[in-house]
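Subject: Structure for your review

Dear colleague,

Please find below the structure I am handing over to you. My notes on what was found in it follow directly after.

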Amino acid sequence: MRFPSQRVAYPYFVVALLLFGLQMVFGLLSAAKYLGPDPLLNLLPFDRTKEIHTNLLLVWVITGFMGAAYYLVPEESRVDLYSVRLAYAQLVIWTAMGVTAVVGYVFGWSAGNKLLEQPFPLKVVIVIVMLMFLYNLFMTIRAGARLTTTEGVLVAGLACTALLYLPALLEFDNYTTSIFYRWWTVHLWVEGVWEMIQGGLLAYLLVRLSGADREVMEKWLYVIVGLTFLSGILGTGHHYYWIGVPPYWLWIGGVFSALEPLAFLAMTAYAYGIFRRSGLSHPNTLALHWTIGSAVFSTLGAGILGLAHTWPQVNRWTHGTHITTMHGHMAFFGAYVMITLGMITYALPELTGVSIEQRQTRLGLAAFWLMVGGMFGMTMALAAAGITQTYLERIMGFGYLETQQKIQVHYLMWLGTAVVFAFGVVAFLWDFAAAGPPRGTARVKA
């Protein structure tokens with residue numbers, strides 16, 4: 001860690017992980033509701049627990065991205081963070097917004113637009129926070145007069161995240177129009193500019209953990225960004241198949257969605273190549289696990305499992321089933337959760353003043369394997385449920401409720417493996433807390 005101001009990342013990581021734990025609570029609650037009976041039906045029906053579960057995912061991952069950026073950008077630019085006070089103020093506002101949103105969802109205060117349920121006043125707060133965040137980063141880079149490709153890709157991804165949130169501020173009475181523009185935010189985040197963020201963080205960690213040549217690494221980063229833009233933008237079309245748009249979206253969505261796994265395959269290929277040449281000699285083995293795991297799992301979840309059902313000829317049967325749930329869980333975990341946890345694991349020794357060797361704990365390794373094993377088990381259970389659901393509902397013509405009765409065994413497997421995953425989350429949180437708070441005080445720069 002080059003500068004004391006980088007320690008501002010620590011409270012961001014704390015908030016992110018607390019929200020991660022809360023997300024798991026609502027995820028388990030949502031999964032349990034598939035089995036019934038539901039004693040909380042009148043207090044917390046399924047639509048609200050799922051709404052909170054998915055929105056907490058977005059909020060805590062973005063919080064983790066913010067903390068990672070506040071740690072990475074000063075180091076890459078070789079200059080202190082422009083304003084620590086601004087970063088803390090931003091975190092307070094952001095956290096207050098998140099808490100208000102969750103409480104509002106519990107009492108039914110929601111915009112009702114799937115994945116973008118934040119009421120309009122909270123959306124305005126989100127825009128303000130993102131402007132504060134980007135201003136702090138840009139002023140830091142300007143003061144350092146140095147912009148590396150790694151931080152450039154990361155910051156560009158964060159700036160595009162803010163830009164692509166703007167369509168979420170619009171409201172439409174027409175359902176087709178509303179869905180059409182909703183994917184400008186949701187798809188172009190998770191299958192577009194967030195891949196740039198993942199690529200930037202992955203490149204940073206690979207350079208630090210493997211000693212790889214930065215020039216070689218950044219050439220790979222250009223390839224990944226190019227593939228992301230080539231496939232991701234028009235790949236939005238696979239969300240347009242069945243919403244009432246012209247049929248040419250079937251061709252656009254099908255062709256460009258088939259290209260989307262290339263970016264993730266490139267990430268895995270260059271991660272494998274780097275570690276094959278440099279070995280696994282870095283003492284922070286936990287960060288190595290999360291970094292390599294992110295490259296591999298994102299290829300499986302976002303790439304291969306995404307491709308498996310985005311062809312229109314397949315998606316006509318599978319859309320709206322647990323096939324989508326299967327893909328979404330592994331994709332998000334591999335691409336964004338693992339890289340965020342990898343960044344936290346890498347930065348934590350320097351943020352807290354604990355040696356790297358002391359941080360290589362059995363509990364930390366257990367957390368990794370419990371989460372990986374639990375997520376893989378959830379994916380398999382959801383795949384079995386989704387395939388059975390597709391056959392019974394879409395091919396055989398069974399009703400929804402009758403089908404649900406026949407796939408209860410898969411829900412039991414889903415809930416059981418989700419509990420394994422939750423134990424991994426608890427282990428990670430416990431291991432993080434065991435490192436203690438940062439030693440010393442960061443120098444505050446107004």
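How close do the axes of helix H1 and helix H3 come, and at what angle do they cross? The axes of helix H1 (residues 9-33) and helix H3 (residues 84-106) come within 10 Å, and their crossing angle is roughly 10°. H1 and H3 are therefore roughly parallel to each other. On the H1 side, the contact is made by Pro-11, Tyr-12 and Val-15; on the H3 side, Ala-87, Tyr-88, Gln-90, Leu-91 and Thr-95 take part. By class, the residues of this contact are 6 nonpolar and 2 polar, with no charged residue.

Please bear in mind that this is a predicted model. The average pLDDT of the chain is 92, and 98% of the residues score at least 70. Residues 441-446 have a pLDDT below 50, and this stretch has 17 contacts in the model beyond near neighbours in sequence. Where pLDDT is low, the predicted coordinates should not be read in detail.

The axes of H12 and H15 come within 13 Å and cross at roughly 10°. That angle makes H12 roughly parallel to H15. H12 contributes His-322, Phe-333, Leu-341, Ile-344, Thr-345 and Leu-348 to the contact, while H15 contributes Tyr-411, Trp-414, Phe-421, Phe-428 and Phe-432. The contact of H12 with H15 divides into 9 nonpolar and 2 polar residues, and no charged residue is part of it.

A search of the whole structure finds 1 cavity of 30 Å³ or more. The volume of the largest cavity is about 110 Å³. Its lining consists of 13 residues, and those nearest the centre are Leu-286, Thr-345, Leu-348, Arg-359 and Asp-431. The lining of the largest cavity comprises 7 nonpolar, 4 polar and 2 charged residues. Of the 26 residues that line the second largest pocket, Ile-62, Trp-94, Ile-126, Tyr-165 and Trp-189 are the closest to its centre. Helix H2 (46-77), H3, helix H4 (120-144) and helix H5 (149-163) are the elements that give two or more residues to this lining. H3 supplies the largest share, 6 residues. The lining of the second largest pocket has 22 nonpolar and 4 polar residues, and none that is charged.

Two points of backbone geometry remain. Gly-36 and Pro-37 are joined by a cis peptide bond, with omega at about -10°; Pro-37 lies in the loop between H1 and H2. Arg-78, a residue other than glycine, has a positive phi near 60°, and Arg-78 is found in the loop between H2 and H3.

With kind regards

Conventions:
Residues are numbered from 1 along each chain as its sequence is written. This is a predicted model: local features need pLDDT of at least 70, side-chain atom pairs count only at pLDDT 80 or more; totals for chains, interfaces and linings use all residues. Side-chain values use heavy atoms; hydrogens and water are left out. Axes are lines fitted to C-alpha atoms, for helices over the stretch in contact, and angles run from 0 to 180 degrees between N-to-C directions. Helices (H or I, at least four residues) and strands (E, at least two) are DSSP runs, numbered from the N terminus. Angles under 35 degrees count as roughly parallel, over 145 as roughly antiparallel, 65 to 115 as roughly perpendicular and the rest as oblique. Contact means heavy atoms within 4.5 Å. Ala, Val, Leu, Ile, Met, Phe, Trp, Tyr, Cys and Pro count as nonpolar, Asp, Glu, Lys and Arg as charged, and the others, Gly among them, as polar. pLDDT is the predictor's confidence in each residue, from 0 to 100. On a 1 Å grid over the protein atoms alone, a cavity is a set of points where a 1.4 Å probe fits but cannot get out, and a pocket is an open set with protein on both sides within 12 Å along at least five of seven lines; lining residues have an atom within 4 Å of a point. Grid points are joined across faces, edges and corners, and a volume is the space filled by probe spheres set on the points.
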